[in-house]
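Have the sequence and the 3D view open as you read.

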Amino acid sequence: MLSRAARPALRATAAPSLRPAAAAVPALQNANYATLREIEGRLKSIRNIEKITKTMKIVASTKLTRAQRAMTESRSYGQTSETVFKEAETKELESENKKTLLIVCSSDKGLCGGIHSGLTRYVRRLMNEGGEFDLIVVGEKCKAQLGRSNAKNMVVSFAGVGKDVPTFADAQAIADQVSQVSGEYSSTKILYNKFINAQSYEATIIEAFSDEAIRASPNFSTFEFDDEVLGNLREYALANSLYWALAEGHACEQSARRNAMDNASKNAGDMIGKFQILYNRTRQAVITGELVEIITGAAASEDA
């Protein structure tokens, strides 16, 4: 049995060994609280993202109705021109030395899945298959993508596309600039996204015939056309086809954006559920740890 004189010395030597353990408890609590704050912050961010994606889905659904109406109207323009050339038996002229002018119809806006990347892949596949192409890009998205790999083939680009439903005046302005592009081309093609249904679309090409191809048409050769009239006919047909392509592409973009925002909202909901479970488990662990510390402290006080 220790004497009373030895007890103070024992307490003095034992105290330093107990202090680190006591100091570790607040550090552990602070770590748990920090984890809780981080999880809570992530939950708040994901909930905000979910609100934004749901709102964008509603907006895209509303715009899709207008876009489909404009697309239906534009088909009468483009299909009428196609019927004229079909009845005239107009065909693409074969030439080995001349290039092909390819007009790519995209837009300036993103957050709509891989709708613009599909057009870019189609263009690169055409170039890899052979043939020489000059590119006219409508929209900043495909311009940025093709600029990294095919900048030397790009001759003209147009911005400010996709802010609203395309009109015939927009297509006419683009057709006027396209007609002023210098160079001899064997054919002019328009690449756009064709609207199939609300869930799918595909990259499609419309042929825009040159003056030489129209003049060489079997059923047009019986008529005498002035060069000015023939040029106006070609430019008007090009504007019709561009209007059709832009309107179809705009409807595809709104449909793809609606689907992309719907998927994003579902993914955000799944993440919220997982983080909510993690938050509840972490919070329960903190409460359990605090209860253990209280009971341990009470037991130590009773022993003392």
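## The nonpolar cores

Let's start inside this predicted model. The largest nonpolar core has 24 residues, and those touching the most other members are Ile-103, Cys-105, Ile-190, Leu-238 and Leu-242. A nonpolar core here is a set of buried Ala, Val, Leu, Ile, Met, Phe, Trp, Tyr and Cys residues joined through side-chain atoms within 4.5 Å. Buried means under 20% relative accessible area, exposed means over 50%, and partly exposed is in between (1.4 Å probe, protein chains only). At least two residues of this core come from each of strand 1, strand 2, helix 4 (168-179), strand 4, strand 5 and helix 6. Helix 6 gives the most, with seven residues. Helices (H or I, at least four residues) and strands (E, at least two) are DSSP runs, numbered from the N terminus.

Take Leu-242 as a way in: setting aside residues up to four places away in sequence, Leu-242 touches Ile-103, Cys-105, Ala-171, Ile-174, Ala-175 and Ile-190. A second, separate core has 13 residues, among them Val-104, Val-123, Leu-146 and Met-154. As a general point, nonpolar side chains in soluble globular proteins tend to be buried together.

## How the numbers were set up

Residues are numbered from 1 along each chain as its sequence is written, and side-chain values use heavy atoms, with hydrogens and water left out. As the model is a prediction, local features need pLDDT of at least 70 and side-chain atom pairs count only at pLDDT 80 or more, while totals for chains, interfaces and linings use all residues.

## Salt bridges

How many salt bridges does the structure hold? There are eight, each being a side-chain nitrogen of Lys or Arg within 4 Å of a carboxyl oxygen of Asp or Glu. One of them pairs Asp-134 with Lys-99, at 3.6 Å from N to O. Asp-134 sits in strand 2 (residues 133-138) and Lys-99 in strand 1 (residues 99-105), so this pair ties together parts 35 residues apart in sequence. Asp-134 counts as buried at 9% relative accessibility, whereas Lys-99 counts as partly exposed at 31%.

Another salt bridge joins Glu-207 and Lys-189, at 2.8 Å from N to O. Glu-207 belongs to strand 5 (residues 200-208) and Lys-189 to strand 4 (residues 185-197), so the parts tied together are 18 residues apart in sequence. Glu-207 is partly exposed at 21% relative accessibility, and Lys-189 is buried at 16%. Then there's Glu-253 with Arg-257, whose closest N and O atoms are 2.9 Å apart. Both lie in helix 6 (residues 227-303), four residues or about one turn of the helix apart, and both are buried.

## Strands 2 and 3

Strand 2 and strand 3 (residues 154-158) run parallel and are joined by four bridges; for two strands to pair, DSSP has to find at least two bridges between them. Val-138 stands opposite Phe-158 of strand 3. On the way from strand 2 to strand 3 the chain passes through helix 3 (residues 140-147), making a right-handed β-α-β crossover. Right-handed here means that, with the strands pointing away from the viewer, the path from the first strand over the helix to the second runs clockwise.

## Aromatic pairs

A search of the whole structure turns up six aromatic pairs. Rings of Phe, Tyr and Trp (its six-membered ring) pair if their centres lie within 6.5 Å; planes under 30 degrees apart count as stacked, over 60 as edge-to-face and the rest as tilted. Tyr-77 and Phe-168 have ring centres 5.4 Å apart and planes at 25°, so they are stacked. Tyr-77 is in helix 1 (residues 6-87) and Phe-168 in helix 4, so the pair ties together parts 91 residues apart in sequence.

Tyr-77 also pairs with Tyr-243, edge-to-face this time, at 5.2 Å centre to centre and 85° between the planes. That pair links helix 1 to helix 6, across 166 residues. Tyr-77 is partly exposed at 32% relative accessible area, while Tyr-243 is buried at 7%. Ring pairs link Tyr-77, Phe-168, Tyr-236 and Tyr-243 into a cluster.

## Around Ala-256

Ala-256 lies in helix 6 and is buried, with a relative accessible area of 9%. Leaving out neighbours within four places in sequence, Ala-256 is in contact (heavy atoms within 4.5 Å) with Cys-112, Ile-115 and Tyr-201. Ser-200 is 56 residues from Ala-256 in sequence, with 8.1 Å between their C-alpha atoms.
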